[in-house]
Amino acid sequence: SLLGQEAAQVGSGRALSPRDMAFPTYREHGVAWCRGVDPTKLLALFRGVSHGGWDPAGHNFHLYTIVIGAQTLHATGYAMGIQRDGLVGENGEAAIVYFGDGATSQGDVNEAFIWASVFNAPVVFFCQNNQWAISEPLERQSRIPLYQRARGFGFPGVRVDGNDVFACLAVTRKALQAAREGQGPTLIEAFPYRMGAHTTTDDPTRYRLAAELEAWKLKDPIERVKAYLVRSGLADSAFFAGVEADAAALGRHVRESCLAMPDPQPLAIFDNVYAEPNARLEAEREQFAAYLDSFEDQEQEAAR
């Protein structure tokens, strides 16, 4: 689901310092890779066998967010916490939050812009404008370029070529450094293109032209950086063969791990809900356990 958005994600992901915190949507697989999250942990969420099998603090990469735009408020609140902990300034910290062009129409995103601006929060808003919010093109969402919206909220906005990994790296580095130093938020609008379907139930041929897709394929971010490496003499055929071998090995690891994922125990849904014991949660656990036991009692009765 991130096909076509690899440069925006990896470029910005590599700009993060170890202490910066990233808040993703549900397709920031490239950012997760940069933060050291095993891809199988992500797919456990999609399979419904995990609530989030990685420690966000261990990777400074928050859990995937399905509610469109909600993560912008999470990131802004986290960034305000950085402020209050006195971690802005030299060697400071910052937060970055990812969202799509469609999310900019959500109230949560605009509320986050207001809070971040008024409190000068150290957060970078990274919008991957992949041209389509499911079936809605950009012109049905905004009458101006999205990065220009930042001006109305009182902080800078910039558009970057979302297919240029080095441009995304440079722009994000600058915005994060400004945030860490106390200069407040920045809105980055990366301009890639969603090559595939929005979801597994989506059929993009119903709302966009094949010619449009073919035109953007010529700007494929992976082929673009590959051409740069070859042209600059920074990589040869042996290097690319090694990359392909690593990718194939990772693919096998992911497939085998997904097939081997066990279904969780039903009562595991109550684990890791609160940091401390909670009487109401324990009561609900006991009720659900009794409900599950009732099936065993019925089977034993039927056997007799």
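User: What share of the 304 residues in the protein is buried?
Analyst: This is a predicted model in which local features need pLDDT of at least 70 and side-chain atom pairs count only at pLDDT 80 or more, while totals for chains, interfaces and linings use all residues. Residues are numbered from 1 along each chain as its sequence is written, and side-chain values use heavy atoms, with hydrogens and water left out. Buried means under 20% relative accessible area, exposed over 50%, and partly exposed in between, with a 1.4 Å probe and protein chains only. On that scale, the buried share of the 304 residues is 41%.

User: How many helices and strands are there in the protein?
Analyst: Helices (H or I, at least four residues) and strands (E, at least two) are DSSP runs, numbered from the N terminus. The C-alpha atoms fill a box of roughly 75 × 50 × 40 Å along the principal axes. Within the protein, the count is 12 helices and seven strands.

User: Why are α1 and α8 described as oblique to each other?
Analyst: Axes here are lines fitted to C-alpha atoms, for helices over the stretch in contact, and angles run from 0 to 180 degrees between N-to-C directions. Angles under 35 degrees count as roughly parallel, over 145 as roughly antiparallel, 65 to 115 as roughly perpendicular and the rest as oblique. Helix α1 (residues 6-13) and helix α8 (residues 165-180) have axes 7 Å apart and pack at an angle of about 40 degrees, and the pair is therefore oblique.

User: Which residues make the contact between α1 and α8, and how many of them are nonpolar, polar and charged?
Analyst: Contact means heavy atoms within 4.5 Å, and the residues that make it are Ala 7, Ala 8, Val 10, Gly 11 and Ser 12 of α1 together with Val 165, Cys 168, Leu 169 and Thr 172 of α8. In the classification, Ala, Val, Leu, Ile, Met, Phe, Trp, Tyr, Cys and Pro count as nonpolar, Asp, Glu, Lys and Arg as charged, and the others, Gly among them, as polar. By class, the contact of α1 with α8 has six nonpolar, three polar and no charged residues.

User: Which elements do the buried residues of α5 pack against?
Analyst: Helix α5 (residues 70-84) has 15 residues, and Ala 70, Gln 71, Thr 72, Ala 75, Thr 76, Ala 79, Met 80 and Ile 82 are buried in it. The elements that these buried residues pack against are β1 (21-23), β2 (95-100), α6 (107-118) and β3 (123-128).

User: Is Gln 71 buried or exposed, and what is its relative accessible area?
Analyst: Gln 71 has its place in helix α5. Leaving aside neighbours within four places in sequence, Gln 71 is in contact with Phe 23, Pro 24, Thr 25, Thr 65, Val 97, Tyr 98 and Phe 99. Gln 71 is buried, with a relative accessible area of 2%.

User: In the loop between α4 and α5, is Thr 65 buried or exposed?
Analyst: Thr 65 lies in that loop and, not counting residues up to four places away in sequence, touches Pro 24, Thr 25, Tyr 26, Ala 70 and Gln 71. At 9% relative accessibility, Thr 65 counts as buried.

User: Is Val 67 buried or exposed?
Analyst: Val 67 lies in the loop between α4 (56-59) and α5. With a relative accessibility of 54%, Val 67 counts as exposed.

User: Which residues does Thr 40 touch, not counting residues up to four places away in sequence?
Analyst: Thr 40 is found in helix α3 (residues 39-47) and is buried, at a relative accessible area of 9%. The residues that Thr 40 touches, on that count, are His 253, Val 254, Ser 257 and Met 261.

Definitions and conventions:
Expected span 1.5 Å × (residues − 1).
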